[in-house]
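This briefing is meant for a reader who is meeting the structure for the first time. Please keep the sequence and the model at hand while reading.

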Amino acid sequence: MSKSLLNSVQFPADLRKIRQQDLPQLAAELREFIINIVATKEGHLGASLGVVELTIALHYVFNTPDDILVWDVGHQAYGHKILTGRRDNFHTNRQMGGICGFPKRDESEYDAFGTGHSSTAISATLGMAIASQLTAAAGRQHIAVVGDASIASGMAFEALNHAGVTNTNLLVILNDNAIGIDPSVGSLKDYLTRVTLDNAPETDNIFEALNFKYSGPIDGHDIDVLISELKKLQQVDGPKLLHIITKKGKGLRQAEEDQVKYHAPGKFDAETGNLVKKETAHLPPKYQDVFGKTIVELAAQNEKIVGITPAMPTGSSLKYMMDAYPDRAFDVGIAEQHAVTFAAGLATQGMVVYCNIYSTFLQRAYDQLIHDVCLQNLPVIFCLDRAGIVGEDGATHHGIFDLAYLRCIPNLIIAAPSNEIELRNLLYTVQKKLEHPIAIRYPRGRGQIVDWEKSFSEIKIGEGRKLKSGSEIAVLSVGNMAYNVTEAINAISEKKLLGHYDLRFVKPLDHDLLHQVFRQYNKIVTVEDGVVKGGFGGAIAEFASENNYKNLIKIIGIGDYFPEHGSVEQLQEQAGLSPEKIREVIISLL
Ligand SMILES: Cc1ncc(C[n+]2csc(CCOP(=O)(O)OP(=O)(O)O)c2C)c(N)n1
Ligand SMILES: CC(=O)[C@@H](O)[C@H](O)COP(=O)(O)O
Ligand SMILES: [Mg+2]
């Protein structure tokens, strides 16, 4: 048996000692290593398998970390992590206290830029390249690896546009596998397909038009070809783009065949590649499916309904509508800013627009939300998926800022349904008649109600509801935090002293209900799965101050820090949002 090459590599300096002809063996070992660990620990699989050869070639040719390597999104950087000092703790990937699933500057000097959200790599790398010029770090190379879906985002184009008029040592590697999480979309994707088929010379080159020296397309799984091309480009001054063709999921048959599922497949059998089957028939639905299936039902009755997703049709379940009504459901690619203003345009014409965006990714379209939607009071329906703590994706992906960043925008209604039926009824309500934009936030994953497909009933905008009466302490919650609160209250023996109210709307607040609550209870506890500063509890404190109430108010939510990765339960415990932690706070007030 030949000796393991991977075991001889702690850092790229070790890799550079390996003979070039042995690198395919290293690639095979690295793939196997990734598959074995992701099979049980879960995480992003397909993207990392697709760049195994590229990762090896980059660290082989360039002098990382002095030469700078930036991975866009970073979900494809598992091989990079393993070859840069993190092989032995790769099994802790994405777990609490373990390494992060994305590059992270304070984790390694090889992680030149923290990522998670897409399309930032070219801007960041250009910044580093300009800094090198200004500090006379001559000869240093700056490499950004960007996927075909991510390069179609506005931010990536802005960076290419800028880089093209510099003479920086910038190398953009376009990793073209013709897919994002779901199949890539748009005319740039068509263009890249044409370039690939023509083998480049027949087609006017869009990157050359932007002053990049273009090379490729080349086979991104051929290490020798990659090494020789990278060495050539090392000698070329100015901005350059290397177009490589790869296969997402390369090396695991099922991952190659079902690239969408194997983007992040959950647990699977490392030997066979088959997914570990989960019995889900009797489980409550995912909030995403409540959204996806309900919108199809509503679209059948209301032909003005359209749906939008920026590149997350499967994750958001908008795919149900894309299948049922392909002309009325749009995957616009990784383009949150465009998605929001496109929604605004549709709304000006009387369309009923459900724009589904992960809470964390809406951060990118904040100006569009304010300037294009709310300022003009256009009744766009934003469905903010993955609100709250999302778990293993970690700090870059938690949807914990939305309440704070939305609450300050005039005209915008903010709702947080506490369960699947509430979500369904809200989705129904808002397509009937809506006079303002609305954001409806709900969490990742399953709720608690199996039997959710009830007939629709309307929810009055701005109306909260009492879940339980009490006399001493009122707990006010938003969204599915209601479940944690209920559990907390049920674990307290003096529960008859405790009232519980589901406010449903963070804006407008239900003033009538709040006046009752502030008169009936001495002490108020608020619970939200978002940052405390500027959030729901802040809104309640403002209400109290505006109305001269002197009740004691205790705000439970996420403090002034970025929660990292871990399970949702662990991170809620850490933030003080678990039933047990909520119980402790209530007891301390009794
Ligand atoms: C701003 C933003 N929007 C959406 C996402 C979700 N997302 C993560 S990876 C991905 C697809 C990336 O595709 P591509 O760049 O082609 O890389 P590949 O997965 O094919 O390697 C998407 C949409 C994100 N990370 N950031
Ligand atoms: C890398 C990335 O941004 C996505 O793959 C993200 O991890 C998807 O999250 P969900 O699994 O919650 O859809
Ligand atoms: Mg891709």
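The model is predicted. The domain assignment of the chain gives domain 1 (22-263), domain 2 (287-441) and domain 3 (465-589), and the shell around ligand 1 takes residues from both domain 1 and domain 2, so ligand 1 lies between them.

**Domains and their contact**

- The centres of domain 1 and domain 2, taken over C-alpha atoms, are separated by 31 Å, and the contact takes 19 residues from domain 1 and 18 residues from domain 2.
- On the side of domain 1 that touches domain 2, the residues divide into 10 polar, 7 nonpolar and 2 charged.
- An unreviewed UniProt entry carries the annotation "domain: Transketolase-like pyrimidine-binding" for residues 285-450, and over these residues the chain is 41% helix and 16% strand, with the end C-alpha atoms 6 Å apart.

**Helix α2**

- Helix α2 (residues 23-41) has 19 residues, and from its first C-alpha to its last it reaches 26 Å, close to the 27 Å expected at 1.5 Å a residue.
- The buried residues of α2 are Leu23, Leu26, Ala27, Leu30, Ile34, Ile37, Val38 and Ala39, and what covers them includes α3 (46-50), α4 (52-61), α5 (78-86) and α10 (223-234).
- Just after α2, glutamate 42 takes a positive phi of about 70°.

**The two ligand shells**

- Ligand 1 is surrounded by 21 residues, of which the closest are Ser118, Gly147, Ala149, Ser150 and Gly180, and by class its shell has 9 polar, 8 nonpolar and 4 charged residues.
- Around ligand 2 the residues are His44, Val73, His75, Ile181, Ala264, Gly315, Arg386, Val390, Asp393 and Arg444, and by class this shell has 4 nonpolar, 3 polar and 3 charged residues.
- The shell around ligand 2 draws at least three residues from each of domain 1 (22-263) and domain 2 (287-441).

**Positions annotated as a binding site**

- The feature "binding site" is placed by UniProt, in an unreviewed entry, at Asp148 and Asn177; although spread over 30 residues of sequence, they cluster in space, with a largest C-alpha distance of 6.8 Å.
- Aspartate 148 lies in the loop between β2 (142-147) and α7 (154-163), and it counts as buried because 21 other C-beta atoms lie within 10 Å.
- Leaving aside residues up to four places away in sequence, aspartate 148 touches Leu174, Asp176, Asn177, Ala178, Ser184, Lys189 and Leu192.
- Asparagine 177 has its place in the loop between β3 (170-176) and α8 (187-198), and it counts as buried because 23 other C-beta atoms lie within 10 Å.
- Leaving aside residues up to four places away in sequence, asparagine 177 touches Gly50, Asp148, Thr246, Lys247 and Lys248.

**The loop between α5 and α6**

- Threonine 120 lies in the loop between α5 and α6 (121-134), and with 24 C-beta neighbours inside 10 Å it counts as buried.
- Among residues beyond four places away in sequence, threonine 120 touches Asp72, Thr115 and Met155; the C-alpha atoms of threonine 120 and methionine 155 are separated by 6.8 Å, although these residues are 35 residues apart along the chain.
- Serine 119 also lies in the loop between α5 and α6, has a positive phi of about 70° although it is not a glycine, and is buried, with 26 other C-beta atoms within 10 Å.
- Arginine 94 is found in the loop between α5 and α6 as well, where it has a positive phi of about 70° although it is not a glycine and counts as buried, with 22 C-beta neighbours inside 10 Å.

**Cis peptide bonds**

- Threonine 64 and proline 65 are joined by a cis peptide bond with omega of about 5°, and proline 65 is found in the loop between α4 and β1 (68-71).
- Glycine 216 and proline 217 are joined by a cis peptide bond with omega of about -5°, and proline 217 lies in strand β4 (residues 213-219).

Notes
Residues are numbered from 1 along each chain as its sequence is written. Chains are lettered from A and ligands numbered from 1 in the order in which they are written. This is a predicted model: local features need pLDDT of at least 70, side-chain atom pairs count only at pLDDT 80 or more; totals for chains, interfaces and linings use all residues. Domain bounds come from an automatic or database domain assignment. Two residues are in contact if their C-beta atoms, placed from the backbone, lie within 7 Å. Ala, Val, Leu, Ile, Met, Phe, Trp, Tyr, Cys and Pro count as nonpolar, Asp, Glu, Lys and Arg as charged, and the others, Gly among them, as polar. Helices (H or I, at least four residues) and strands (E, at least two) are DSSP runs, numbered from the N terminus. The expected span of a helix is 1.5 Å times one less than its number of residues. A residue is buried if 20 or more other C-beta atoms lie within 10 Å of its own, exposed if 12 or fewer, and partly exposed in between; C-beta atoms are placed from the backbone. A residue is near a molecule or strand if its C-beta atom, placed from the backbone, lies within 6 Å of it. UniProt positions are given in the numbering used here, feature names are shortened, and annotations may be inferred rather than shown by experiment.
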